[in-house]
Amino acid sequence: MVTRCCKSALIVIFCLAFWGMAQRPVFGQPSAGQLVHPTWIATDRSGNIYVGEPEKHRLQKFSNSGTLLAQWGTFGAAAGQFNQPQGIAIDSQGNVYVADAGNFRVQKFNAAGVFQSAWGKRGSGNGEFLSLSGVAVDNTGAVYVTDSVQKRVQVFSGQGVFLRSWGGITGQGDGQFSPFQGPHGIAVDASRNVYVADTGNHRIQRFTSNGVFTGWLGGCTSGTRCIPPPRLHSEAFDCRAATCSPAAAGTGEGQFSLPFGLTFDGNGNLFVVDTFNNRVQKFDRTGRFLLQWGVRGSGDGQFKAPLGISADSLGRLYVADTGNHRVQSFTNSGALLALWGADILIRATPGEAPGLLQPLFVRPGQSVTVTVDITSVNRYAGPVDLGATCCLDFATGLGAPPIGVNVRITPAQVMLAANGAARAWLTISANSAPVFRKAVASVGAVLPTTGVQRGVSVVFTAFAPETQPPCPRFTQAGAQTPLLLPTSVLIEAVAKTKAKNPTQTRFALAIYNPVGGKIADAWGMTIEEAPTPAIPANEARIVLDVSQLDWAKMIVAINSAACNAPLRSLRVEGRQTGQFTIRQADTTTIVLRKPVCTAWFLWCWNIEWRDVAVWSEPGFWAAFGGKQVTFRWLKDTPD
């Protein structure tokens, strides 16, 4: 199901960081003991494991072998209810502290899940929160809470009395936190040093229990305490502004890319979930790198966007393998011990497939076929029943399907071998005159043996014959023709602007709604022309520049006359610039696209590519033929 974005703990970089992870389940509450995007995790002194599921607004308690012992929580604001629970911590008495982010409070329970107390409200004062994230408890019973919007750490007594706070300043300096993501994970060692995952700055900062900065750990490029190439990371927790360059993201040992969860074992070793690198890194008590394990995947010991981590009294590690809907346990050296949670993953291609350039169109009297892959990820072996439903209106999420559209899934059942895979096909067909509308079809997978349900959404557009142009069109003067998608936005043709000022070479893009009324500037994006004699008039050099943003991505797709197959495309990541040359003889439609998050929790689970600019062949070449054209993204989008 497609939902509205809820901008809370992390910003849009997570929309882009985890493309390719398992699609979001859409059918019902999972069975007890099953997990849906588990995020935070904690252990008690008896070795029991507590796992939070923000999407399901609940906590589940397991034995160290994965046997379900208890669960509690439903959606709501009453005592004991949750709204997107985040960090979990357990004190020496077995009391459980939960960051109830959507209710702007911390809740305290006993080991059986019985509500004890709560504190906090929405705000920026002492004891108030805007986006709770991580929680930790020290050996005196003090409770530490990170707030990823206010960029600070607050400290409370076990009864919720405010004690102190620090942070609140953004930047890359000592004790400052990234303005983009974090702080998130937090842990306290036996000496009451406090370690905070400064996620967006790709480092772990260390403080005293009173908030005095004492050093950071992570990648670097230079400095007296930065290990020289090829290693390029801090020697220990001794990097600071005077001794190291600002922390830098990386994939090498001791480097991080969006670190999240933190924990210590009984020997004082620090374990860090390096989320974007899909691994766990281990350091000694001084911050010296020891080892790492994990790669991206769904196999045993592999991860897809892991988040939380906790160690028990025997030194066993438990990792919330979020994208694989499971928990994995390891020895102190990274050997896999057990895993539990998800039985299957299901995804559809195309539909909401990552990087999809061409929307899925269902034309009058025709059909399209979507491949559905079902994978066993926790040694499940047996049948999987499949079903398909149609449809939800894409914009509203309501059951208002296009008239004259049908869906079917074949086969209706597949058999999975342990950790094997199977494939089915979803067919979406339209009669001779379907209603023009973008909609969502859903594929559901049910394990008859356990009742576990998972699903995936497929987005498509059905066209009525009279409203379907062969391709999106702009006249040379900039007039619009009917939209391809209700969610598309069309941009004023450059030729129209140039007619008013022929010497102008830089101008902001302007968004137009379907009836031609101007809405706003296009998210701070500009076009810049650079006439180059070396470029023939029937060629153009396209430059995509997102070098000023951390997270943005843009695509230019050059489509064929049939409007159904990209001939060439260019995708550029954040902090990068890319270019390529196109020839007039090869193109009919040029589409500039941007990603929009359509389902958000902690990060973006579902991405839709929307058209930012669409030019027909005549309009584009009249404006840009023989030139280098730079599309530069200057600021964050308001989506």
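This is a chat about a predicted model of one protein chain.

Biologist: What should I know before I look?
Modeller: It's a predicted model, where local features need pLDDT of at least 70, side-chain atom pairs count only at pLDDT 80 or more, and totals for chains, interfaces and linings use all residues. Residues are numbered from 1 along each chain as its sequence is written, and side-chain values use heavy atoms, with hydrogens and water left out.

Biologist: OK, how many helices and strands are there?
Modeller: The chain has three helices and 45 strands. Both are DSSP runs numbered from the N terminus: helices are H or I with at least four residues, strands are E with at least two.

Biologist: And what share of the residues is buried?
Modeller: 61% of the 639 residues are buried. Buried means under 20% relative accessible area, exposed means over 50%, and partly exposed is in between, using a 1.4 Å probe and protein chains only.

Biologist: Which residues have the most contacts inside the largest nonpolar core?
Modeller: Those are Ile374, Val384, Leu426 and Ile428, in a core of 30 residues. A nonpolar core here is a set of buried Ala, Val, Leu, Ile, Met, Phe, Trp, Tyr and Cys residues joined through side-chain atoms within 4.5 Å.

Biologist: Which strands supply it?
Modeller: Strands supplying at least two residues each include E27 (344-349), E29 (367-376), E30 (382-393) and E33 (421-430). The largest share, five residues, comes from E33.

Biologist: What does Ile374 touch?
Modeller: Leaving out residues up to four places away in sequence, its contacts include Ile344, Ile346, Val384, Leu386 and Ala424. Contact means heavy atoms within 4.5 Å.

Biologist: What lies apart from that core?
Modeller: Another core, of 19 residues, with Val153, Val155, Cys220 and Cys226 among them.

Biologist: How many bridges join E25 to E26?
Modeller: Five, and E25 covers residues 326-330.

Biologist: Where are the cis peptide bonds you flagged?
Modeller: One runs from Gly182 to Pro183, with omega near 5 degrees. Pro183 sits in the loop between E14 (162-167) and E15 (186-188). Another runs from Thr410 to Pro411, with omega near -5 degrees, and Pro411 is in the loop between E31 and E32.

Biologist: What's up with phi of Lys151?
Modeller: Its phi is near 55 degrees, a positive value in a residue other than glycine. Lys151 lies in the loop between E12 (143-147) and E13 (152-156).

Biologist: Is Lys151 buried or exposed?
Modeller: Lys151 counts as buried, because its relative accessibility is 7%.

Biologist: And Leu258?
Modeller: Leu258 has a positive phi too, near 60 degrees. Its place is the loop between E18 (213-218) and E19 (259-264). At 1% relative accessibility, Leu258 counts as buried.

Conventions: Two strands pair if DSSP finds at least two bridges between them.
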